[in-house]
2 protein chains.
Amino acid sequence: MLIIPVVCSILALFFAGYLVVWIKKCDLGTPRMQEIFQAIKNGADAFLKRQNKTIGIMAVVLAVVLFSVYALSGKWVLGMQTSLAFLFGAFCSGLSGLIGMWISVRSNVRVASAAQSSFSKALTIALRGGAVSGITIVAMSLLGISGLYFIYTVFGYDPVRIPSLLVGFGFGASLVALFAQLGGGIYTKAADVGADLVGKIEKNIPEDDPRNPAVIADLVGDNVGDCAGRGADLFESTAAENIGAMIIGVALFPYFGINGILFPLVVRGFGLIATIVGLLVAKAKEDDEPLKALNKGYFVTCALAAIAFYFVTMGMLNNVLFFYAGLVGLAASVVFVFVTQYYTEHKYRPVQDIVKASETGHATNIIAGFAVGLECTAATVVTIAAALLASFKLGLMTGLPSGGIYATAVATMGMLSTAAYVLAMDTFGPITDNAGGIVEMSGSSEKARAITDKLDSAGNTTKALTKGYAMGSAALAAFLLFSAYFEEAKLVVVDLARVEVFVAGLIGAMLVFFFSSLAIRAVGKAASKIVEEVRRQFKEDPGLMQGTSTPDYARCVDITTKAALQQMILPGLLAVIIPIAVGVLFKAEAEAGLMMVATIVGVLLATVFNNSGGAWDNAKKYIETGHLGGKGSEAHKAAVTGDTVGDPFKDTAGPSLHVLVKLLGTLSLALVALFV
Amino acid sequence: MLIIPVVCSILALFFAGYLVVWIKKCDLGTPRMQEIFQAIKNGADAFLKRQNKTIGIMAVVLAVVLFSVYALSGKWVLGMQTSLAFLFGAFCSGLSGLIGMWISVRSNVRVASAAQSSFSKALTIALRGGAVSGITIVAMSLLGISGLYFIYTVFGYDPVRIPSLLVGFGFGASLVALFAQLGGGIYTKAADVGADLVGKIEKNIPEDDPRNPAVIADLVGDNVGDCAGRGADLFESTAAENIGAMIIGVALFPYFGINGILFPLVVRGFGLIATIVGLLVAKAKEDDEPLKALNKGYFVTCALAAIAFYFVTMGMLNNVLFFYAGLVGLAASVVFVFVTQYYTEHKYRPVQDIVKASETGHATNIIAGFAVGLECTAATVVTIAAALLASFKLGLMTGLPSGGIYATAVATMGMLSTAAYVLAMDTFGPITDNAGGIVEMSGSSEKARAITDKLDSAGNTTKALTKGYAMGSAALAAFLLFSAYFEEAKLVVVDLARVEVFVAGLIGAMLVFFFSSLAIRAVGKAASKIVEEVRRQFKEDPGLMQGTSTPDYARCVDITTKAALQQMILPGLLAVIIPIAVGVLFKAEAEAGLMMVATIVGVLLATVFNNSGGAWDNAKKYIETGHLGGKGSEAHKAAVTGDTVGDPFKDTAGPSLHVLVKLLGTLSLALVALFV
């Protein structure tokens with residue numbers, strides 16, 4: 001059975017390789033474009049190199065700590081296995097980020113070049129660039145886990161024991177993803193806010209103007225935050241979810257045998273194939289709406305994934321109820337996408353509320369946006385609750401012990417079977433955004449701008465939608481990780497009425513709030529350093545504004561890099577130290593309380609951050625299309641305030657919370673031996 | 001033993017009566033002041049009359065529903081008892097609000113009058129006005145519960161069963177408090193925002209200018225929101241806490257007998273006496289700082305309460321460990337006050353961060369303020385966690401079964417023994433605020449303005465501090481209510497790992513977010529109606545701006561009243577319907593999950609709202625004292641945005657969440673029969 005995921009992921013990697021070759025063949029554009037490409041590439045490389053060094057040191061230190069702790073309690077072998085798996089997971093997660101960045105930097109400029117002549121070509125390059133990330137990451141995670149599983153089998157381990165030995169892999173992946181998402185998120189928004197505050201507001205020059213010294217840092221930010229950060233994030237998600245589901249599968253070993261354990265990997269493998277077909281289908285004619293093409297591909301992927309799901313479920317678990325549970329998950333993922341759409345698109349009431357509130361000023365814009373964010377938690381929670389309860393009941397109907405929990409795991413697998421496609425759509429966003437910046441900076445034709453504007457607007461929508469999907473799947477996956485943790489910790493209950501568990505829950509909720517505070521403030525601190533530098537450059541060289549001299553882009557990139565890396569340390573470490581301290585002091589049950597309450601709070605707060613941020617952004621864009629006086633009006637100024645507030649919400653705090661929620665799960669799983 | 005709380009509360013009521021007579025003797029001021037007083041009084045009366053009618057109808061309907069539900073399951077007598085106690089609690093809570101408003105309206109104008117000649121006299125009137133509310137409310141709650149207890153004893157009920165029969169009283173009080181706080185909170189901020197948006201921003205006239213048609217509505221708002229709303233809120237807090245502690249006392253009946261049950265009431269009685277002494281001590285010389293006098297009284301109250309606590313604990317429970325637990329609670333309340341001070345006073349880093357961020361614009365001001373709010377949850381949670389764990393451990397050391405939980409109840413009692421004094425300081429705030437408004441509107445001397453400004457600034461600080469206290473005590477009290485609920489529902493565990501319980505927890509967290517969204521949005525909706533009306537009046541009568549004609553204040557008051565009452569219905573009903581639905585569908589254990597997770601989230605989110613609101617407010621005030629260019633500068637405009645965003649946070653959503661958290665506890669207690 002293990003052969004299926006291995007073959008599927010190798011096939012998928014070949015397909016990704018084919019896409020890379022195809023992209024590399026596309027035209028690199030004008031010399032000016034290539035120059036900008038080179039600057040972005042250098043900036044992104046420099047950031048990732050330094051970031052990976054910082055994260056690498058922390059990962060090695062933590063691996064040593066991990067090993068020592070196990071060794072001290074006499075578990076040498078387990079300690080060695082866990083810390084090696086940890087390092088392997090950390091390495092793969094870091095590599096995923098690198099791949100995501102590598103391909104997006106190379107796609108951006110080619111999309112910009114293609115936009116000079118053909119909309120259809122530009123769209124295809126952007127989507128394929130995203131697809132390389134999406135497919136490689138999901139395939140690598142699948143191959144990594146299948147590979148480890150295979151190695152342990154060769155060494156004669158009991159297949160039932162193997163999933164527990166893989167948790168270190170998940171923890172390593174989560175840890176790196178947390179820092180990658182945090183550091184990248186701080187970088188991208190600090191550069192964005194810094195460039196806008198001086199450029200747009202003080203100097204009155206447009207966005208992406210080459211006279212702005214921070215403009216390259218801003219473009220680098222999209223690549224390191226949205227591509228590299230999100231890549232690492234999704235790698236750890238898929239890894240954590242697979243391992244969690246396998247551990248739950250162990251509980252059902254008496255009924256399904258090895259099939260219950262390998263089911264998640266096989267389903268994932270077919271999901272990859274479905275994604276490849278979907279990507280090949282997603283093509284647009286010259287005058288199509290970009291979203292139409294993307295949606296076509298998405299629905300093809302969903303349909304194929306559902307069909308594959310049916311055959312795999314019937315073949316391996318031989319119970320149609322589990323197939324229904326998978327459908328519940330798949331359906332929930334579609335609902336998440338629609339809910340996000342409702343809350344963040346200008347067509348609907350929430351964004352219109354914010355637009356209207358912008359008329360009466362900055363404060364009412366902020367209040368309205370924040371109210372929208374708080375409100376949308378209702379739809380999110382109802383969807384999660386319905387999916388959990390429905391799949392659980394379906395599982396109970398199978399009559400198997402642990403059937404209910406296993407069915408929620410199957411639902412999560414259903415939801416995630418389209419992950420690679422969703423990730424491709426997600427990476428489509430920053431690629432088109434960057435392409436737009438390159439077109440703007442290189443002074444290309446109006447036609448090219450119109451094409452990249454159209455793509456960029458579609459990209460903004462897909463970015464928002466995939467955040468809704470990521471958050472929903474994080475909630476389901478977290479429940480899966482809890483269940484796995486109970487299995488591992490041999491817990492029977494998590495009694496919130498015990499004072500230690502309640503206090504741990506309080507601390508978990510606090511961790512989410514406090515972490516968000518640090519993440520949001522980090523953007524402000526890093527941005528203020530960039531503002532100083534940009535102001536200094538404008539002041540010292542009056543030629544910049546006339547466009548007669550070139551600004552020192554590299555210095556801005558360098559300052560942003562240092563500031564972002566410095567600011568990511570404290571929140572990142574807290575997210576690791578607090579749960580370990582609680583687990584060691586108050587033991588496994590309290591740790592579960594922390595994890596579960598933090599998950600609930602984290603999912604809701606991330607929803608608030610993502611959706612209010614997205615809604616503010618689109619309210620501003622709607623006004624910019626000429627409503628309420630358009631650009632420059634008082635309403636527009638208020639809307640810009642909302643958009644700026646939303647930036648660290650939706651691109652730093654929100655995405656980092658996704659990872660935090662899952663990190664708590666993998667951390668607890670990997671360190672469970674310390675907590676019992 | 002019951003005689004002690006009864007005598008103490010009757011004594012306290014006499015003392016409050018004496019204060020009323022004393023205040024009524026003070027001078028009512030110039031004819032212009034009396035005119036304004038009359039307008040405020042009429043507006044406040046009209047609002048409360050309509051509000052009480054609306055709430056009264058809902059309470060009666062709910063009482064009938066309550067009774068029918070019990071009757072349908074054959075429990076006629078219990079149904080009758082619960083619904084009568086419910087109505088009695090609702091009535092007392094409504095009455096508390098009325099008393100708070102009645103005395104504050106009458107004190108405001110006398111403070112304004114006294115400010116013309118003497119700072120010391122003005123301060124004394126303001127504090128005594130606040131004291132009437134504080135003492136009456138705590139005494140009434142004590143007398144109500146003692147009275148009900150006495151009646152049941154006379155009818156020969158088993159003393160062990162009586163506490164369970166009182167829960168209806170607590171539920172009634174909570175329900176009315178929720179609507180009172182919501183309605184009042186929406187009113188006060190809608191009027192404030194509405195008056196400012198047109199007056200300050202569009203017409204450029206100062207705050208509290210008599211030419212602004214919404215100015216009376218704004219002054220009425222302080223009375224109905226901060227005085228009436230908070231009065232009902234604190235009535236239900238004390239009632240709920242007393243009943244909860246008594247129920248836990250029942251579990252210890254085999255060891256302490258009736259003493260364990262009556263202990264909370266007796267401690268409360270002595271706390272009242274300590275408060276009276278503290279109030280008499282709190283006097284200021286002509287050139288003192290107002291806070292110095294208030295703090296002196298507070299520390300005397302704390303010291304006396306601690307001494308009384310020692311003797312009551314030793315006399316009734318005969319175990320010094322419980323005394324230590326009480327001290328833990330008392331100490332925690334002092335810590336809460338200092339934490340709030342750190343996060344909201346301009347002397348410290350957090351407010352200075354916001355001030356600095358105002359330099360770079362509206363958005364950075366908002367981001368900085370929001371980050372401060374999120375950050376301060378850390379100190380709050382650490383304090384709550386330490387107090388809970390320390391008192392629990394002390395209780396375990398007694399060796400009694402349930403000793404740990406009982407000790408947390410004793411700690412709550414310790415924290416709340418100074419409640420009446422804190423409430424007096426709280427009501428001091430709106431009284432001085434209103435007095436300042438009256439002085440401004442009546443065109444009094446510079447000296448009078450200087451005095452009311454000084455008092456108002458102290459009042460702002462006390463308002464912020466008491467919110468910190470209220471939130472901390474809500475957290476401890478909620479834990480007490482859970483424990484009582486477990487006793488009543490005969491629950492052994494609240495297993496968050498069960499899918500229904502986890503889903504209920506998700507729903508509980510969502511309820512807090514969604515409720516906040518509705519409360520915040522309600523302010524915006526109501527404010528927009530006032531803005532329309534004020535604009536209309538200015539447009540239709542150009543004489544208003546010249547000051548030659550009088551605006552139609554009453555119409556603004558009327559519109560605000562209607563809008564606020566209309567907007568309070570939906571969030572209020574949701575807060576009742578959702579927990580009942582979850583309890584009925586998923587049963588008692590899930591209900592506990594909802595309640596506990598909602599409490600954790602509610603406490604943290606309220607802390608964010610209160611402290612970021614307070615910090616924004618004080619950042620603005622700091623700039624207004626001449627920093628960063630003072631009034632009218634760009635930094636000031638940004639700070640005004642923050643302050644306006646903070647208004648519905650700290651005066652509508654935050655305080656309403658306090659009540660919501662406790663409502664969930666009393667509701668579950670009162671309806672537990674439906675959930676098992």
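How much of chain A is made up of buried residues? Buried residues account for 69% of the 676 in chain A, where buried means under 20% relative accessible area, exposed over 50%, and partly exposed in between (1.4 Å probe, protein chains only). Keep in mind that this is a predicted model, in which local features need pLDDT of at least 70, side-chain atom pairs count only at pLDDT 80 or more, and totals for chains, interfaces and linings use all residues. Residues are numbered from 1 along each chain as its sequence is written, chains are lettered from A and ligands numbered from 1 in the order in which they are written, and side-chain values use heavy atoms, with hydrogens and water left out.

Chain A has 22 helices and zero strands; helices (H or I, at least four residues) and strands (E, at least two) are DSSP runs, numbered from the N terminus. Its C-alpha trace spans about 75 × 50 × 45 Å along the principal axes. A compact globule with 676 residues would have a radius of gyration near 26 Å, and chain A agrees with its 24 Å; that radius is taken over C-alpha atoms, and the globule rule is 2.2 Å times the number of residues to the power 0.38. Of the contacts (heavy atoms within 4.5 Å) between residues at least 6 apart in sequence, 85% join residues at least 24 apart.

Now over to chain B. B:Q181 sits in helix α6 (residues 167–202) and counts as buried because its relative accessibility is 1%. Its side chain makes a polar contact of 3.4 Å with that of B:D233. A polar contact is a pair of N or O atoms within 3.5 Å; within protein, one must be able to donate a hydrogen and the other to accept it, and residues adjacent in sequence count only if both atoms are side-chain atoms. Beyond four places in sequence, B:Q181 also touches other residues, including B:G225, B:P655 and B:V659.

B:T560, in helix α20 (residues 553–624) of chain B, is buried too, with a relative accessible area of 0%. Leaving aside neighbours within four places in sequence, B:T560 is in contact with B:Y187, B:A191, B:A217 and B:I530.

Finally, look at the loops. Most residues other than glycine have a negative phi. A:N204, in the loop between α6 (167–202) and α7 (215–251) of chain A, has a positive phi near 60 degrees, and at 67% relative accessibility it counts as exposed.
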